[in-house]
Amino acid sequence: MIEARHLRVLRAVAATGSFSAAARELGCTQPAVSQQMKALESSAGTPLLIRTGREMRLTQAGDALVRHASGILAGLTAAEEEVAAIAGLRAGRVRLVSFPSGSSTLVPGALAALRAAHPGTRVSLVEAEPPRSVEMLREGDCDIALAFRYGTSGPEWDDLVVRPLLTDRLIGLVPDGHRLADADAVGIGELADESWIAGCPRCRRQLVEVCEESGFTPRIDFATDDYPAVIGLVGAGLGVAVLPELAIESVRPKGARTVTVEPAVEREIVALTLPDLAQVPAVAATLDQLSLAAAR
């Protein structure tokens, strides 16, 4: 394998015409230059210099290597400078994937703070719900995934770095004027006879399980994963719903009232990344800003 340090020595020898002059230019000893040239010729498998008295002349192979050395060393220097910029947060890129209510609440403040502290770091954002967002992380399509899970029997994340952010409680939504609109807390069983608005079959699974534990199966007349649509349907008096507190923070519930639902149903909001990515300065800085945004 040809090493960059050997190329630098060869270039110095070619420029100065001798080992001793190259040693003075490089700030090392003449035997060190001779030793590195022998190592380079061994790696190349052919002589690179012809020694004529005190002067050195390049062979054809040596001339070819010197011609390529400048470009190789320039590219290596550029790569070192770019890596140093990334390590110093003067540059870098982070690919973030988030579920919608996280995108509208946690992400904006975190990314604004990151940009103010490290303007050279670029962050891109796409939206996906777990488990798809977690699959994207494992497949290398993002660097950080905002995700959530209900209870302690959630998905396995043992291979990932898990940064807990906050606990998000499900909040009930009823129309203005509903018989329970002014209640301090509502047992979910009290909503057994209501028309429900819920998300897709996968998204509504937690709701259905909680209702069934309370002795009824919710009658879901309207299905939508769009939180503003859910709030609009509730506000129009067409049914009741439960939504994550983060989702309600991002949309003004016009025509609807929020009520505390018992038993409490909570989801854990986390930021996930891979162990190696957690060591990348830009990724670590983004995780820190997400944690700060969640604490506000």
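A residue is called buried when its relative accessible area is under 20%, exposed when that area is over 50%, and partly exposed in between, as found with a 1.4 Å probe on protein chains only. This is a predicted model, in which local features need pLDDT of at least 70 and side-chain atom pairs count only at pLDDT 80 or more, while totals for chains, interfaces and linings use all residues. Residues are numbered from 1 along each chain as its sequence is written, and side-chain values use heavy atoms, with hydrogens and water left out.

A salt bridge here is a side-chain nitrogen of Lys or Arg within 4 Å of a carboxyl oxygen of Asp or Glu, and the structure holds 16 of them. One of these joins Glu3 to Arg5, with the closest N and O atoms 2.6 Å apart; Glu3 is partly exposed at a relative accessible area of 32%, and Arg5 is partly exposed at 45%.

Arg138 and Asp159 meet through their side chains in a salt bridge of 2.8 Å, N to O. This pair links distant parts of the chain, 21 residues apart, since Arg138 belongs to helix α6 (residues 132-138) and Asp159 to the loop between β5 (144-150) and β6 (161-175). Arg138 is partly exposed, with 40% relative accessibility, and Asp159 is partly exposed with a relative accessible area of 40%.

Within helix α7 (residues 205-213), Arg205 and Glu209 lie four residues apart, about one turn of the helix, and form a salt bridge whose closest N and O atoms are 3.7 Å apart. Glu209 is partly exposed, at 33% relative accessibility. Finally, a network of salt bridges links Arg132, Glu135 and Glu139.

Notes:
Helices (H or I, at least four residues) and strands (E, at least two) are DSSP runs, numbered from the N terminus.
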